[in-house]
Structure formats: structure tokens, C-alpha cells
Amino acid sequence: MKETIPVFYDARQVSQPASFSPSAAKPRRVVERWQTMPFPISLVAPQPLTEAQLRLAHDAEYVEGILDCRIVNGFGGKDPAVAASLFWTTGSMLSAARSAAVQFRPLGAEGSLL
């Protein structure tokens, strides 16, 4: 069986904010491009983060303000599509990190990293 590289992706992590940055649309374009190349990738559905998990890294008022579109997000706007994508974008990163930690645990490591 051919070994593949897991790519944690879900279309819900993509948004199209009116912004100077193309970053919010990149995941879809990158995956589509990789699928046209002879890269041994396999798409894996990420586990979305919860609002409670977002609060572990950010102040609760900040999280609520971004998700409720009351304060400006990192793209300089208050787009509900960006807010909705955050669970999936951050979930993709955490899912990939957890997968890597399990698959590539250093020799002698004990316990769970994540």
C-alpha cells in the first residue's frame, strides 16, 4: 500500500472576505492544486474547534466579539463567513498537530502531548 501525506481540509475553512490578504481562500486553491500533481496526499476531515477551545487561547470577550461579528477580525472586517470558518481553520491546524504528535512521537517520549 502506498503511503500518503494527510492533508487536513474541509471546505468550511474557506471564506472570501473583502481584504488585502488572500489567505482565507488559500486552503481550497492549495488543495485543488495539489490534487492535480503527483503528490501522494489523502484528504482528512478535521475536527472543528469549539468556542470553548478558542477561549483557551483568547480572551472570552474577544472570541465572542469575533464570532458575533461585533469587532474587527484579523482580515480587517466583520464578515460572518470568516467567523464561521474559524472553527474549521483552527480545527484543521489542531487536527494536523495531533496527528503528527501521534505518528512522529520522539523516541522515549511518554504520555500524551495533546
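Residues are numbered from 1 along each chain as its sequence is written, and side-chain values use heavy atoms, with hydrogens and water left out.

**Whole chain**

Start by colouring by pLDDT (the predictor's confidence in each residue, from 0 to 100). The chain averages 85, and 81% of its residues score at least 70. Where pLDDT is low, the predicted coordinates should not be read in detail.

Now switch to cartoon. You get four helices and two strands (DSSP runs numbered from the N terminus, with helices being H or I of at least four residues and strands E of at least two). Going from the N terminus, the order is β-α-β-α-α-α.

For contacts (heavy atoms within 4.5 Å), take the pairs with a separation of 6 or more: 56% of them join residues 24 or more positions apart.

**Largest pocket**

Next, select Q13, P27, T89, S92 and M93. Of the 22 residues lining the largest pocket, these are the closest to its centre. The pocket holds about 400 Å³ of space.

How is that drawn? On a 1 Å grid over the protein atoms alone, a pocket is an open set of points where a 1.4 Å probe fits, with protein on both sides within 12 Å along at least five of seven lines; lining residues have an atom within 4 Å of a point. Grid points are joined across faces, edges and corners, and the volume is the space filled by probe spheres set on them.

Which element gives the most to this lining? It is α4, with seven residues; β1 (5–8) and α1 (26–35) each supply at least two. By class, the lining splits into 15 nonpolar, six polar and one charged.

**S85 on α4**

Stay on α4 (residues 80–103) and pick S85. S85 counts as buried because its relative accessible area is 4% (buried is under 20%, exposed over 50%, partly exposed in between, with a 1.4 Å probe and protein chains only). Leaving out residues up to four places away in sequence, S85 touches R12, Q13, V14 and S15.

**Second largest pocket**

Show L54, H58, Y62, V63, I66, L67, N73, G74, F75, V82, L86 and T90, which line the second largest pocket. Its volume is about 220 Å³. Here α3 (60–67) and α4 each supply at least two residues, with α3 giving the largest share, four. The lining has eight nonpolar residues, four polar and no charged.

**Core and L49**

Last, select L49, L54, V63, L67 and A83, the largest nonpolar core (buried Ala, Val, Leu, Ile, Met, Phe, Trp, Tyr and Cys residues joined through side-chain atoms within 4.5 Å). Buried residues make up 25% of the 114 in the chain.

Zoom in on L49, in the loop between β2 (41–44) and α2 (51–57). L49 is buried, since its relative accessibility is 13%. Beyond residues up to four places away, L49 touches L54, F87, T90, G91 and L94.

Technical notes: Predicted model: local features only at pLDDT ≥ 70, side-chain atom pairs only at ≥ 80, totals over all residues. Nonpolar A, V, L, I, M, F, W, Y, C, P; charged D, E, K, R; others polar.
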